[in-house]
Amino acid sequence: MAGCFSFTASRDRCYRLSFSNAGLKSTTTDLGHTTIMHCWIPKSHKPSKPSLLLLHGMGANAMWQWNEFISPLTRRFNVYVPDLLFFGESHTTQPDRSESFQAQCVASLMEAHGVRLMNLVGVSYGGFVGYSLAAQFPERVGKVVLCCAGVCLEDKDMNDGLFVVKSVDEAATILLPQTPEKMKQLVKLTFVKPIKVMPSCFLTDFIDVMCTEYQQEKKELIETLYKDRKLSNLPKITQPTLIIWGEQDQVFPLELAHRLERHLGENAQLVVVKNAGHAINLEKPKELYKILKSFLIDPITPSMQENRSNGPKLD
């Protein structure tokens, strides 16, 4: 569609303006070892505010997944919104595809921006990365919110019929759509009330702009999530944790929410959103914000107020 108007590219520019108007600026950080991460950070960090890290899921770049939340959250927090590796402008030549490596890169990114303590919210794949970040760097993470993040899944769950799909390959073809038909299947899978009219020309444009880069690497991210995964190997994070789930999630069924709540015990609480599917941040943004506000803001823990250091910057 070179030379033609792109609705997706135009929408992306609108989101950039929205983030900028909310007091954020676009930055790119070289973490070394051929690893580059893009992140939206505060134009002016306010020491009186706690820091909040927003981690996106599979799909378009971070702006598309967090735009509805940026304006209200930046009033209360120093908000940081990275593109995870192989999304947006973030990439690496390192071969590690684990959420553990993603979390280490995010930790290095936040250190480069002088943030030593943060709350975090992770949606879907971002929840896997956020959980790993909280487990590996417990002294740097305050409160944790996990939205529809099936971190408690096991590799045997696929064979046991827990999921709608029958294999990881089938899941990847839907989660990483390359045709309008697959995009429609993804929307139907992730929304309780999907958009009824989805012209193929718009879907093709979205795929061309947002879904063609790093296709193989993203597939490897999905494969690594499932490979040899055992609940017995999952560490128990100790931070206060809020688990939020769409009641009709077809990507990670509600059973995984209850499994995670049992795994974490008294440190966790579960909120189930009715008439919501997997794409809860897109389908129920107002409800989700109210839940986030009650957990993260009412009240804010005093120890989270001073959360930035003048530590070393990474090249």
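Let's start in the loop between strand E7, residues 141–147, and helix H5, residues 156–159, because that is where Cys 148 lies, and keep in mind that this is a predicted model.

Now compare Asp 228. Its phi is also positive, near 55 degrees, and again this isn't a glycine. You'll find Asp 228 in the loop between helix H9, residues 215–226, and strand E8, residues 241–246. Asp 228 has 54% relative accessibility, and because the cut-off for exposed is over 50%, Asp 228 counts as exposed.

Arg 229 pairs with Glu 99 through their side chains, at 2.9 Å from N to O. Glu 99 sits in helix H3, residues 99–112, and Arg 229 in the loop between H9 and E8, so these are distant parts of the chain, 130 residues apart, because that's how the pair links them. Both Glu 99 and Arg 229 are buried.

Then there's Lys 230, whose side chain meets that of Asp 155 in a salt bridge at 3.0 Å, N to O. Lys 230 is in the H9–E8 loop and Asp 155 is in the E7–H5 loop, so this pair ties together parts 75 residues apart in sequence. Lys 230 is partly exposed at 35% relative accessible area, and Asp 155 is partly exposed too, at 25%.

One more pair: Lys 156 and Asp 160 form a salt bridge at 3.5 Å, N to O. Here Lys 156 counts as partly exposed, at 43%, while Asp 160 counts as exposed, at 54%. There's also a network, where salt bridges with shared partners join Asp 157, Glu 255, Arg 259 and Arg 262.

Over to helix packing. The axes of H1, residues 7–21, and H2, residues 62–74, come within 10 Å and cross at roughly 40 degrees, so the two helices are oblique to each other. H1 passes H2 in a left-handed crossing.

Last stop, the surface. Phe 5, Phe 7 and Phe 202 make a nonpolar patch of about 340 Å². Phe 202 belongs to helix H8, residues 200–210, and is partly exposed, at 42% relative accessible area.

Technical notes: Residues numbered from 1 in each chain as written. Predicted model: local features only at pLDDT ≥ 70, side-chain atom pairs only at ≥ 80, totals over all residues. Heavy atoms only, no water. Patch = residues over 30% accessible without salt bridge, like charges linked within 9 Å, V, L, I, M, F, W, Y side chains within 5 Å. Areas by Shrake-Rupley, 256 points an atom, 1.4 Å probe, with all protein chains shown as cover. Salt bridge = Lys/Arg side-chain N within 4 Å of Asp/Glu carboxyl O. Helix = DSSP H or I, 4+ residues; strand = E, 2+ residues; numbered from the N terminus. Buried < 20%, exposed > 50% of the residue type's maximum accessible area, 1.4 Å probe, protein only. Axes fitted to C-alpha atoms, helices over the stretch in contact; angles between N-to-C directions. Parallel < 35°, antiparallel > 145°, perpendicular 65-115°, else oblique. Left-handed = near helix turned anticlockwise from the far one by under 90°.
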